[in-house]
Structure formats: structure tokens, C-alpha cells
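Here are my notes on this model, point by point. Please read them with the coordinates open.

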Amino acid sequence: MRGPVRWVLWDVKDTLLKVRRSVGEQYCTEAERAGLKLPAAQVETAFRQAYRQRSHLFPNYGRAQGMSSQNWWTGLVRDTFAHCGVNDPAVLDKLASNLYHNFCGAENWEVFSDSNGALKSCSSLGLKQGIVSNFDKRLEGILRECGLLAYFSFHLTSEKAGVAKPDPAIFSQALVRCGVPASSVAYVGDHYVNDYLTSRSLGIRGFLLDRQNCHGHLDIPPQHRLQSLNELPARLQQEID
């Protein structure tokens, strides 16, 4: 028989937080400050192409190659604008540095309307909370500026862990920090494979957040699916009682 839930672990991007505007729009805003006029759609396409290439060559921020996450991201910014025809090294360096720091705080991140309520309710239920996220070292500062950091006993990023979801090893590291069996831990995320399937494969009680009903075609038990984080506390209350 499974024991009661003691911990709730969370994904971050597109679960608790989202970027305020598209990458293309935000990169274009910074480019305009440097005197460049570029179409947002072109920059968005270039970013996605550069992101795929860099993620393939240097997964998880290049940890295995000895790269820092800051160098990984600034290199990505340079590649993005180079694809758009920007070739001046000084301009590329300035854009890369500015954009990296722009995403360090709350300026470019927005907290979902249901995040604070769900986190507060979970704390009120006596549950401890933590983060397991494919993210870099900027996460702590972002959570602090967004007013969320105090909810969490720990935040485990893929950069810190040295492995990224869907590798179950990052969840194994999180379970060590929790100090309880996997069956006493719940996990909430928006990605079917990275979050739901991987956590469930270890015996964690995974929930798939599907605000836009994008995963309605998948064979997921309805009790494992959330259309809003507001639904989570009642689900967990049933598991606690």
C-alpha cells in the first residue's frame, strides 16, 4: 500500500512561469537598442534553428564538454543573429551579454495566474516542495524576483545535476534530497515524456499539466491530468487523507 504524499516537486518553464513575449520579439527589442531592425519572425526561426543545433552538439548547456551555461546561451544568441546577417563581433557580443542578463530576473518572465495559489495551498497542506527543472544557474534569481523562491526547500536544475530530463537520474537525485520513497512524492509538469512518463517510471506520482488540452489524444488517466494548477491541492488532499 502506498504511503501518503509528503513532497510536491515542480517543473518551472510553462508550468509555473512563462516568457512574457516570444523569443523573437524579445531578441528584436534588444536588437533595436543596438540600432538593428530585424523581423521578429525571422529572428524566431533563426533562434529555433540555432537552439536545435546547439542542443544537439552541446546538450544540457554543454556540461559534458566543460562549457558554462552562460557561454552556452551567449553562443546561442550570437548564432541566432549571425543567421540573420549580423556579422559585427562587437555587436554580437553586446547582444549576447545583454540578452543573457535580461533573462536573469522577472523582467522577461511571467508567473502563471494559478501558480501562487497552488503553491500556497500545497504549503498549507503541510507538503514540502522542490524544483526539478531543465534550467541553468539563473533559476534561483528568477524565482526570487518572481516571488516564488520561499516556497521551495530545494531547486535542482539540470545544470546542477549534470543530467537533464528525460534522464531519470535527475529525479533520482531529487528523491535523495526528499528523503522519502518515490510513492510519497508528487511531480507536476507540462511535458508528457520529460515530466509525466519519466517521473511515473520511478514510481513518483506524476501529474501532467495540460492547460490548453494539447494532450487530449494521449491515453492518460483523467486523475493524472490537470487543466489548471488550481485542481492540484484537492487531488493531493485525497492522497494525504
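1. Terms for burial come first. Buried means under 20% relative accessible area, exposed means over 50%, and partly exposed lies in between (1.4 Å probe, protein chains only). Helices (H or I, at least four residues) and strands (E, at least two) are DSSP runs, numbered from the N terminus.

2. On provenance: this is a predicted model, in which local features need pLDDT of at least 70, side-chain atom pairs count only at pLDDT 80 or more, and totals for chains, interfaces and linings use all residues. Residues are numbered from 1 along each chain as its sequence is written, and side-chain values use heavy atoms, with hydrogens and water left out.

3. Helix α6. S115, A118, L119 and C122 are the buried residues of α6. They span an arc of only 95° around the axis, so they sit on the same side of α6. The arc is that of the directions from the helix axis to the C-beta atoms. An α-helix has 3.6 residues a turn, so residues three or four places apart point the same way. Exposed residues K120 and S124 are carried on the face of α6 turned away from its buried side. Just after α6, G126 takes a positive phi of about 85°.

4. The sheet. Six strands form an open sheet in the order β5-β4-β1-β6-β7-β8, with parallel pairing. Its edge strands are β5 (154-157) and β8 (225-226), and each pairs on one side only. Two strands pair if DSSP finds at least two bridges between them.

5. β1 and β6. Strand β1 (residues 7-10) pairs with strand β6 (residues 185-189) in the parallel sense, over four bridges. W10 has V188 as its bridge partner in β6. Helix α6 (residues 115-124) packs on the sheet, where it touches β1 and β4 (128-133). The direction of α6 makes about 160° with that of β1. Helix α9 also packs on the sheet, touching β1, β4, β5 and β6. The direction of α9 makes about 165° with that of β5. For these angles, axes are lines fitted to C-alpha atoms, for helices over the stretch in contact, and angles run from 0 to 180 degrees between N-to-C directions. Contact means heavy atoms within 4.5 Å.

6. β4 and β5. These strands pair in the parallel sense over four bridges. S133 has T157 as its bridge partner in β5. The chain goes from β4 through helix α7 (residues 139-145) to β5, and this β-α-β crossover is right-handed. Right-handed means that, with the strands pointing away from the viewer, the path from the first strand over the helix to the second runs clockwise. Both faces of β5 are covered: F154 and L156 on one side, H155 and T157 on the other, are all buried.

7. T157. Buried or exposed? T157 is buried, with a relative accessible area of 4%. Beyond its neighbours within four places in sequence, T157 contacts S133, F135, D136, L139 and I170. Its side chain reaches the backbone nitrogen of K160 at 3.0 Å.

8. T80 lies in helix α4 (residues 69-83) and is buried, at a relative accessible area of 0%. Leaving aside neighbours within four places in sequence, T80 is in contact with Y27, V43, A46, F47 and A50. S172 lies in helix α9 (residues 169-178) and counts as partly exposed, at 35% relative accessibility. The C-alpha atoms of S172 and L202 are separated by 8.0 Å, with the two residues 30 apart along the chain.

Notes: Polar contact = N/O pair within 3.5 Å; in protein donor to acceptor, adjacent residues only side chain to side chain.
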